[in-house]
Amino acid sequence: MTMAVDHKSPRKPRQITGRTVLFSLIAFFGAIAAMNAVMVYIAIDTFPGLEVDSSYKVSQRYNKEIANANAQAALNWSVNAAIERNGDGSAHVRVLAKDKAGAPITGEMVTVKLHRPTITAADQDLILSERSAGEYVANASGIGAGNWNVVVEIADRSDKTLPIFRSKNKIFFAE
């Protein structure tokens, strides 16, 4: 098989010069830097990274938090929470609370905090009402699919500042 080659083509092969290499490198790294800048802006805009307003004030309460955790462990309460999400984004929250003797815990203030790990716009704090002895319920709306942090707190109705019981969990809702 033979191939015809046109030696009289008016077009010369393009030569790579120093200027071509320079502009190519500037364009390549400029595109990478621009995309990195866009991604950093989007990341900071959606989650600023703040967990608390003042880490100093939180650190001052650290020993009290440890004492509260030890007091909670001494109570030996059994607290079970269930969250059932419907297809429309609504959810039914149910908490069953019993003391170490198995008697229902009644008359306390029970709250459930449903927080997204990455964005605070969908966070919800629910105050549950006591349906029967030791059974607390609430309904929530706008619970989307994905990961959620769930914090169940039980506090004395007369002193709501510090919870008697706190449990932090993670839950995943499928589509």
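Which elements each supply at least two residues of the lining of the largest pocket? I shall answer that after a short tour of the structure, which is a predicted model.

I begin with the annotated segment. The UniProt record, an unreviewed entry, assigns the annotation "transmembrane region" to residues 21–44. In the model, this stretch is 100% helix and 0% strand, and its end C-alpha atoms lie 35 Å apart.

Let me turn to the sheet. Seven strands make up an open sheet, and their order is β1-β2-β5-β4-β3-β6-β7, with antiparallel pairing. The edges are taken by β1, residues 78–85, and β7, residues 165–173; each has a single partner strand, so one side of each is left without a neighbour in the sheet. From one strand to the next, the twist averages 25°.

I would now draw your attention to strand β6, residues 146–155, and its two pairings. With β3, residues 109–115, β6 pairs in the antiparallel sense over seven bridges. Within that pairing, Val112 has Val152 of β6 as its bridge partner, and Val110 stands opposite Ile154. The pairing of β6 with β7 is also antiparallel, and nine bridges join the two strands. There, Gly146 has Phe173 in β7 as its bridge partner.

Is Val110 buried or exposed? Val110, which lies in strand β3, has a relative accessible area of 0%; it is therefore buried, the cut-off for that class being under 20%. Leaving aside residues up to four places away in sequence, Val110 touches Val95, Leu126, Ile127, Leu128, Tyr136, Glu153 and Ile154. Val93, for its part, is 17 residues from Val110 in sequence, and the C-alpha atoms of the two are 11 Å apart in space.

I return, finally, to the opening question. The largest pocket holds about 970 Å³ of space. It is lined by 30 residues, of which Glu51, Lys113, His115, Val151 and Lys168 are the closest to its centre. The elements that each supply at least two residues of the lining are α3, residues 62–75, together with β3, β6 and β7.

Key
Residues are numbered from 1 along each chain as its sequence is written. This is a predicted model: local features need pLDDT of at least 70, side-chain atom pairs count only at pLDDT 80 or more; totals for chains, interfaces and linings use all residues. Side-chain values use heavy atoms; hydrogens and water are left out. UniProt positions are given in the numbering used here, feature names are shortened, and annotations may be inferred rather than shown by experiment. Helices (H or I, at least four residues) and strands (E, at least two) are DSSP runs, numbered from the N terminus. Two strands pair if DSSP finds at least two bridges between them. Axes are lines fitted to C-alpha atoms, for helices over the stretch in contact, and angles run from 0 to 180 degrees between N-to-C directions. Buried means under 20% relative accessible area, exposed over 50%, partly exposed in between (1.4 Å probe, protein chains only). Contact means heavy atoms within 4.5 Å. On a 1 Å grid over the protein atoms alone, a cavity is a set of points where a 1.4 Å probe fits but cannot get out, and a pocket is an open set with protein on both sides within 12 Å along at least five of seven lines; lining residues have an atom within 4 Å of a point. Grid points are joined across faces, edges and corners, and a volume is the space filled by probe spheres set on the points.
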